[in-house]
Amino acid sequence: MKKISLLIVFLICNLSTAYCSDVISITYNTNLEQLSFAVNNLKEQLFYKGKHLRINDINSGLGETDILVITKEDIQKPLDTMVTEADFEGLKSEGYRFKRVNNSNTLLVLASDEKGAAYGVLELKEYLELNLDLKEIKDKVVNPAFEYRIVKYNLPWSPYRSNLATEVHTHISRDIVFWERFLDMMVENRLNVLSLWNNHPFPFMIISENYPKACPFSKDEMEEWKTFWKTLFRMAKLRGIQTFIVNWNIVVSPEFAEAYGVNEYNDLSEIVKKYTKESVTQMINEYEDLTGIGVTLADWMGNFGEKEMTPQKREDWIEETIVAGMKEANRPVKFIHRSVLAGDPIAMRELIDRAELEEPALVEIKFNWSHGHSTPKLAITHDYHSGELDDRFWNPMPQNYRIQWMIRNEDFFILRWGQPDFIREHIKENAKDFVNGYFIGSEGYIPAMDYSHKPSPFKTWQYAFEKQWMFYKTWGRLLYQPDTPDSYFINQFELRYGVGKGAPLLEASKLASNMPLRLASFYRSTWDYTLYSEGFIEAEPSSKTEWFDRSSPFISIDQLINHETLDPDMISIVDYSKKTMNKEKIGSDQITPLELAEESENDSKRALELIGPLYSQTNEYSGALVSELDDISTWSYLGIYFADKLRAGVALEDFRNTGNIEKKKLAIGLLEKCLEHWDQVIKYTKDRYNPTPHVSTQRYGENFTEFSWELLRPQVVRDIQIAKDSK
């Protein structure tokens with residue numbers, strides 16, 4: 001009898017939580033799907049706090065409520081006494097306002113659109129995560145700094161880079177569970193566009209009505225593909241995330257090429273034009289939740305020794321295929337026009353003018369080419385083979401398109417990274433009137449399967465993007481709200497690893513994450529393979545080839561000495577040695593290699609000091625904290641290695657210029673210290689990380705089919721011999 005009574009009490013508590021736990025009420029338009037998604041997130045968080053969320057529909061009338069969510073479209077007479085159109089003034093799309101009414105307990109969440117309202121509700125969830133009382137929320141307005149906050153995700157089928165580092169992600173990239181987690185991460189970090197890239201997407205999305213042999217799949221297989229795409233696009237739309245399919249232009253499937261007698265790449269025949277145009281139309285019509293389509297101007301459009309195409313001919317081809325296909329579709333979609341190797345912004349401007357799009361086009365420009373994690377100063381782009389800047393892309397101010405900076409990451413795929421100060425500085429330097437967004441993402445790395453980390457009790461994450469949580473959080477939150485304070489990121493560390501750990505972890509992460517930024521700023525690089533910062537690798541030359549060492553992909557001491565800089569304020573080693581030998585004056589705004597070395601060493605040593613006490617607080621149950629600390633240690637020793645290698649380079653070049661044998665001895669001693677630092681890097685990585693496939697090293701033979709710091713140790717030793725052999 002006693003057991004039955006307890007069961008009844010338990011059931012009552014679950015059926016009517018108002019009697020057994022605190023209840024918070026929220027009133028909103030329950031017909032809004034994106035907002036309902038956010039409210040469900042809030043409800044889940046309240047459940048973990050032992051509270052219940054009672055939901056009321058705003059269309060059923062207003063009663064007493066703790067939270068009242070109102071979009072501009074919801075204004076009706078019953079609301080006029082507490083909110084008017086004036087309350088929405090200054091609110092941008094995706095922005096929101098918190099407001100108390102006459103000091104009442106009701107918190108108003110006001111937004112001009114549904115997505116802004118959803119973000120407001122999600123901020124309430126974050127308050128609860130930190131155990132804060134919703135009654136403490138002050139009136140404020142939050143608006144996004146950029147309209148487009150875009151993730152670049154390369155698909156592993158019909159890939160641009162075909163290799164093992166791409167192929168390992170094929171299964172996961174078709175797993176809806178993975179995408180649910182990835183999209184939730186995007187919403188949490190205020191990233192609002194998912195762009196999906198591969199060479200030729202159409203055979204994986206449609207069976208062409210007039211060219212069915214282009215598709216390699218059976219009808220049943222294609223139905224599975226369609227279910228996948230429709231589910232993905234629907235899930236994204238539910239979360240307020242736009243979706244784009246981006247291709248690499250004049251490409252057809254191998255099956256199309258064989259069946260219809262054309263070339264797979266750069267075929268300008270009428271049949272390829274017709275097929276491309278019709279495929280664009282059919283894809284848009286069949287996928288109602290797809291936001292837009294994107295196209296590039298680089299490979300396979302006469303840019304690399306194929307059939308020559310002038311900038312105008314490339315734009316003509318896009319107009320006759322992509323744009324024409326968009327116009328034939330049964331609904332308008334958005335358009336991404338990449339600027340890569342455009343060669344003539346006037347031809348691009350005229351194409352966009354003629355397209356007469358309903359919404360401004362997105363024109364993506366690669367900031368500092370493929371290595372955006374470098375100096376925040378715009379030094380080069382990929383609009384020309386030379387990297388030269390052409391302000392005609394934004395001058396005069398475009399009327400029917402805006403620029404989005406592409407911040408490519410080809411520099412760290414394994415180690416965690418997070419430097420909010422760099423991102424804030426980048427935004428401050430480059431938030432121009434003609435810019436309305438950023439892309440973040442990689443070409444040689446897909447953040448799906450974490451194939452680098454060995455099984456371990458400390459590996460508490462499943463997917464690669466979950467390990468790189470700070471990368472997405474810092475970029476996403478700061479692109480949405482650049483004045484997001486450090487306290488936010490400190491709280492995020494503490495939610496993961498405990499109170500008191502957030503401040504030192506954030507500061508150490510900042511200091512350690514400067515290492516790849518400094519290397520990429522000092523060592524000018526262009527396309528993907530010309531730098532891999534965490535591996536200290538230059539697999540292909542970016543410009544000058546005289547000192548490029550094809551014996552290995554590792555950056556040798558001679559390469560470091562003779563390489564030009566990317567940041568215009570930095571002085572290369574070879575130039576610095578000449579200036580000091582000739583007693584030339586060095587400007588106060590210039591950064592010498594020795595000054596850069598000092599900064600790198602100081603930041604790295606300080607990071608190690610900050611995390612030292614945290615190691616003593618870990619045990620076998622510390623989860624990912626140990627891995628976080630080991631990554632910071634790895635970056636730090638790479639930073640100290642970089643510092644002493646810069647100093648060694650200066651000493652060795654001074655010896656070559658002056659014959660001073662003491663300089664040679666100094667260089668040898670510093671390079672021997674570099675080996676000690678590299679051994680520390682190996683210590684913190686070899687037991688955690690597998691040798692991993694890397695797109696840029698495989699061409700160097702069997703010794704470099706995989707990447708690890710341990711496998712590169714002979715190259716670090718070789719630097720010492722180079723110095724010893726110098727004359």
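This is a short chat about one predicted model and how parts of its chain pack together.

Biologist: What should I know before I start?
Modeller: This is a predicted model, where local features need pLDDT of at least 70, side-chain atom pairs count only at pLDDT 80 or more, and totals for chains, interfaces and linings use all residues. Residues are numbered from 1 along each chain as its sequence is written, and side-chain values use heavy atoms, with hydrogens and water left out.

Biologist: What is the mean pLDDT of the chain?
Modeller: The mean is 93, and 95% of the residues reach 70 or more. pLDDT is the predictor's confidence in each residue, from 0 to 100. Over residues 1–20 the pLDDT is below 50. That stretch has four contacts in the model beyond near neighbours in sequence. Contact means heavy atoms within 4.5 Å.

Biologist: Okay, strands. Which strand does β1 join by six bridges?
Modeller: β2, residues 52–57, and the two run parallel. Tyr 28 stands opposite Asp 57 there. Strands (E, at least two residues) and helices (H or I, at least four) are DSSP runs, numbered from the N terminus. Two strands pair if DSSP finds at least two bridges between them.

Biologist: Through which helix does the chain cross from β1 to β2?
Modeller: Helix α2, residues 33–48, and this β-α-β crossover is right-handed. That means the path from the first strand over the helix to the second runs clockwise, with the strands pointing away from the viewer.

Biologist: And how many bridges join β1 to β3?
Modeller: Two, again in parallel. Ile 26 stands opposite Ile 67 in β3.

Biologist: Why is β1 called largely enclosed?
Modeller: Because five of its six residues, within 23–28, are buried. Buried means under 20% relative accessible area, exposed over 50%, and partly exposed in between (1.4 Å probe, protein chains only).

Biologist: How many residues of β9 are buried?
Modeller: Six of the six, residues 242–247, so β9 is largely enclosed by the rest of the structure. Gln 242, Phe 244 and Val 246 lie on one side. Thr 243, Ile 245 and Asn 247 lie on the other.

Biologist: What pairs with β9?
Modeller: β8, residues 193–197, pairs with β9 in the parallel sense over five bridges. Trp 197 has Val 246 as its bridge partner. Four bridges join β9 to β10, residues 292–295, also parallel. There, Ile 293 is the partner of Ile 245. β8, helix α6 (residues 219–238) and β9 make a right-handed β-α-β unit.

Biologist: New topic. How many residues has the largest nonpolar core?
Modeller: It has 203, and Leu 194 and Trp 229 have the most contacts inside it. α19 gives the most to this core, with 16 residues. A nonpolar core is a set of buried Ala, Val, Leu, Ile, Met, Phe, Trp, Tyr and Cys residues joined through side-chain atoms within 4.5 Å.

Biologist: What does Leu 194 touch?
Modeller: Not counting residues up to four places away in sequence, its contacts include Val 151, Trp 179, Phe 182, Ile 241 and Phe 244.

Biologist: Last one. Is Glu 410 buried or exposed?
Modeller: Buried, because its relative accessibility is 3%. Glu 410 lies in the loop between β13 (401–408) and α11 (420–430). Leaving aside neighbours within four places in sequence, Glu 410 is in contact with residues including His 371, Glu 443, Asp 528 and Tyr 532.
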